[in-house]
Number of protein chains: 2
Amino acid sequence: MERLVTSNLKMGIIAGGQLGKMLIQEASKWNIITYVLDKDEDCPAGKIASHFVKGSNLDFNDVYQFGKQVDILTFEIENVNIEALNKLKSEGVRILPDPDILALIQDKGLQKDFYRNNHIPTSPFRLVQSEQDILKSIDNGDFSFPFVQKLRKGGYDGKGVAVINSASDLNKLLPGPSVIEEKVEIDKEIAAIVARNNKGEIKCYPIVEMLFDPQANLVDKLICPSSITVEQSEKAKNIASEIIELLNMEGLLAVEFFIDSKGEVIVNEVAPRTHNSGHHTIESIVTSQFEQHLRAILNLPLGSTKLKLPSVMINILGEEGHHGNVLYEGLTESMAIDGVKIHLYGKKITQPYRKMGHITVLSPSLECALKKAEKVKQLIKVKSWTKN
Amino acid sequence: MERLVTSNLKMGIIAGGQLGKMLIQEASKWNIITYVLDKDEDCPAGKIASHFVKGSNLDFNDVYQFGKQVDILTFEIENVNIEALNKLKSEGVRILPDPDILALIQDKGLQKDFYRNNHIPTSPFRLVQSEQDILKSIDNGDFSFPFVQKLRKGGYDGKGVAVINSASDLNKLLPGPSVIEEKVEIDKEIAAIVARNNKGEIKCYPIVEMLFDPQANLVDKLICPSSITVEQSEKAKNIASEIIELLNMEGLLAVEFFIDSKGEVIVNEVAPRTHNSGHHTIESIVTSQFEQHLRAILNLPLGSTKLKLPSVMINILGEEGHHGNVLYEGLTESMAIDGVKIHLYGKKITQPYRKMGHITVLSPSLECALKKAEKVKQLIKVKSWTKN
């Protein structure tokens with residue numbers, strides 16, 4: 001820690017989206033010098049980073065040259081050129097979390113193998129190479145409807161996933177190496193964020209529960225604390241802690257779980273970075289996920305994960321039918337509601353369902369926070385406008 | 001509010017110290033474009049402002065040219081060239097708080113007159129032009145020892161104040177127009193931060209109490225909630241609200257009070273800006289003083305001032321005997337204590353008693369937070385080092 005402020009520690013962040021932006025907001029409290037690599041100079045993190053570097057997270061040379069400039073390198077997305085990270089690591093650049101962990105998690109096939117090999121509860125699966133493979137396996141009776149196909153690489157925000165309920169859905173199959181999972185009868189979806197530092201200290205946040213909009217079938221609100229049982233909560237926290245320990249990881253890991261119709265807690269997938277399901281921690285927990293990530297990668301003691309106030313988090317998403325320069329409606333009205341904390345990422349262009357910001361509603365009563373969040377959701381609309 | 005994010009509202013902040021830095025940290029959550037004017041490009045706010053402009057807060061031309069670049073102008077110190085603000089105001093630039101309020105508060109004589117004229121409780125006083133005036137008044141029996149002399153203009157952080165307990169202290173008298181106040185028998189020192197917007201909405205934060213180090217006779221810890229009675233707390237909040245209303249002010253006002261030996265609540269002085277006594281609000285209150293300032297000057301509804309968790313705030317001050325490049329000791333050890341939130345302002349040079357950062361300790365029990373804060377105070381030392 002001492003070094004941060006006496007000799008200007010330079011921290012590089014690969015990609016400059018909202019996660020990078022919020023990480024910089026925390027880093028600035030400790031006066032860390034931040035570098036951001038992104039292809040878009042108008043990216044959310046670009047304006048508040050100490051230094052912005054234009055380049056692609058997927059380009060070997062861009063990532064390599066960027067990494068050479070900094071003392072410690074981290075990332076806010078999984079999609080990073082691993083070869084560049086490996087070369088930087090071999091040349092002594094500190095990269096956290098470790099590129100090997102990123103490589104494992106980037107590939108959903110390796111991820112599933114890791115769970116199986118380590119007896120982490122996850123849905124039964126098979127690895128396949130192609131659509132032909134899948135069709136053959138169905139013919140052979142190796143697996144049956146319904147199932148879920150997930151591309152091993154490159155999936156994001158629900159992309160790269162096909163739910164195949166019956167033979168008539170087979171036209172939805174995606175091309176490429178994939179994981180085929182048994183479709184879980186989902187009762188609830190929850191997430192745990194866990195951090196670990198180089199001394200092996202581990203801290204887990206209170207479990208967050210995703211509530212779905214029954215009409216749109218989209219995550220609608222994230223609540224903390226969740227409505228699950230203490231037993232389920234402890235189980236999820238233990239699994240998350242076990243995974244981060246098995247990975248020997250320094251950093252922050254988000255673990256998404258299903259609770260199935262029998263009440264079993266099973267791992268869906270993990271992300272080795274700050275996560276949408278942890279945004280509420282900024283206001284509702286003593287240590288935000290962004291500060292915790294800094295503590296974990298900078299060899300500092302981990303911070304308290306105690307709840308300050310219950311919270312409901314909603315994403316501010318671009319409205320359907322609106323593309324272009326963003327126009328927000330209902331922000332002022334929302335701000336009049338007690339406990340509403342608004343975060344706008346500063347994206348200039350809206351698209352349907354693009355994450356433009358988020359809102360955390362705080363209240364001593366979760367029920368009250370839920371009502372307020374619903375009201376805010378009705379008030380805020382992200383539209384577009386055209387320059388005259 | 002809508003305008004902030006659709007057409008890039010440009011907010012100018014005069015001076016780039018820690019208050020400016022923390023204001024920008026909040027402004028970035030709403031994607032406000034920030035401009036900072038400071039003579040030092042290494043100032044705390046310079047690195048995270050969208051735009052840094054080099055210039056002096058006291059120079060007419062610097063302030064005037066700076067103000068012409070922005071949509072709304074605010075300040076983080078009282079010491080601003082008023083003529084430049086008045087010219088900008090006459091040319092239609094939105095300046096908040098209003099320059100007239102700043103002019104009144106800049107002059108402790110006008111400030112005291114304002115209290116007297118509006119029946120705001122404050123210590124009895126007289127205005128004098130010079131040291132000769134003071135000596136003559138003592139001879140005439142117009143006032144007696146002990147008394148406090150405060151320069152009408154330019155005082156800051158205890159500078160510009162002389163405590164004259166007896167004739168032998170008269171060599172401490174300061175030259176220049178001053179306020180002579182009866183010395184109050186101080187039992188406690190408290191502060192209220194209050195905000196008001198253009199709709200006349202007013203919100204006051206819970207009262208903060210300053211605890212003094214009995215040896216150094218310096219403010220040592222700021223606690224919230226305070227140990228005063230509900231009656232005293234209500235009185236202080238009412239007085240703060242009355243002052244901001246009488247001033248017809250849009251913005252944030254910090255009001256410092258004495259509680260005298262009879263338990264009376266009397267105003268010491270005010271500052272029309274975010275304040276050291278409000279730093280704990282970042283973590284311990286639903287709306288931080290910085291967000292509240294933004295809400296107040298941007299015609300937005302004011303945010304909740306409810307307590308999340310009790311807190312103790314301590315300033316991180318430069319050690320005596322240390323001048324030069326800053327070196328921090330004990331930060332990592334402090335971070336291991338649950339609920340310790342560290343803010344480093346990023347000043348490169350330390351000087352004895354310079355405010356280099358602050359720490360807020362959160363705990364459900366104030367007593368527990370006090371013990372932790374004392375421990376942190378013992379751990380953290382701000383020293384200097386010399387480059388080899």
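In this predicted model, B:Glu182 has its place in strand β9 of chain B, which covers residues 178-182. Chain A is divided into domain 1 (2-95), domain 2 (124-182) and domain 3 (186-385), and the structure holds 13 cavities of 30 Å³ or more.

- Leaving out residues up to four places away in sequence, B:Glu182 touches B:Ser123 and B:Pro124.
- B:Glu182 and B:Arg126 are 56 residues apart in sequence, while their C-alpha atoms are 9.0 Å apart in space.
- B:Lys112 belongs to helix α6 of chain B, made up of residues 108-117, and its relative accessible area is 3%, so that it counts as buried, the cut-off being under 20%.
- The side chain of B:Lys112 takes part in a polar contact of 2.8 Å with the side chain of B:Thr122, and in another of 3.0 Å with the side chain of B:Glu181.
- Apart from residues up to four places away in sequence, B:Lys112 touches B:Thr122, B:Ser123, B:Phe125, B:Val179 and B:Glu181; B:Ser123 is also touched by B:Glu182.

- With residues up to four places away in sequence left out, A:Lys183 touches A:Pro146, A:Phe147, A:Val148, A:Val163 and A:Asn165, and a polar contact of 2.9 Å joins its side chain to that of A:Asn165.
- A:Val184, with its neighbours within four places in sequence set aside, is in contact with A:Ser123, A:Phe258, A:Asp260 and A:Ile266.

**Domains and cavities**

- Taken over C-alpha atoms, the centres of domain 1 and domain 2 of chain A are separated by 35 Å.
- The largest cavity contains about 400 Å³ of space and is lined by 32 residues, of which A:Glu26, A:Lys29, A:Ile282, B:Lys29 and B:Ile282 lie nearest its centre.
- On the chain A side, α2 (18-27), α9 (281-284) and α10 (289-297) each supply at least two residues of the lining of the largest cavity, and on the chain B side the elements that each do so are α2 (18-29), α9 (281-284) and β18 (340-344).
- Helix α2 of chain B gives the largest share of the lining of the largest cavity, namely four residues.

**A covered helix in chain B**

- Helix α10 of chain B, residues 289-297, is mostly covered, with nine of its nine residues buried; among them are B:Gln289, B:Glu291, B:His293 and B:Arg295, and B:Phe290, B:Leu294 and B:Ile297 are buried too.
- Just after α10 of chain B, B:Asn299 takes a positive phi of about 60°.

- Most residues other than glycine have a negative phi, and most peptide bonds are trans.
- The peptide bond from A:Leu96 to A:Pro97 is cis, with omega near -10°, and A:Pro97 sits in the loop between β5 (94-95) and α5 (99-106) of chain A.
- A:Phe145 and A:Pro146 are also joined by a cis peptide bond, with an omega of about -10°; A:Pro146 is found in the loop between α7 (131-140) and β7 (147-151) of chain A, and A:Pro146 is one of the residues that A:Lys183 touches.
- A:Ala15, in the loop between β1 (10-14) and α2 of chain A, has a positive phi near 85° and counts as buried at 4% relative accessibility.
- B:Tyr353, in the loop between β19 (349-350) and β20 (355-362) of chain B, has a positive phi near 70° and is partly exposed, with a relative accessible area of 43%.

Note on methods:
Residues numbered from 1 in each chain as written. Chains lettered and ligands numbered in written order. Predicted model: local features only at pLDDT ≥ 70, side-chain atom pairs only at ≥ 80, totals over all residues. Heavy atoms only, no water. Contact = heavy atoms within 4.5 Å. Polar contact = N/O pair within 3.5 Å; in protein donor to acceptor, adjacent residues only side chain to side chain. Domains from an automatic or database assignment. 1 Å grid on protein atoms, 1.4 Å probe; cavity = no way out; pocket = protein on both sides within 12 Å on 5 of 7 lines; lining within 4 Å. Points joined across faces, edges and corners; volume = space filled by probe spheres on them. Buried < 20%, exposed > 50% of the residue type's maximum accessible area, 1.4 Å probe, protein only.
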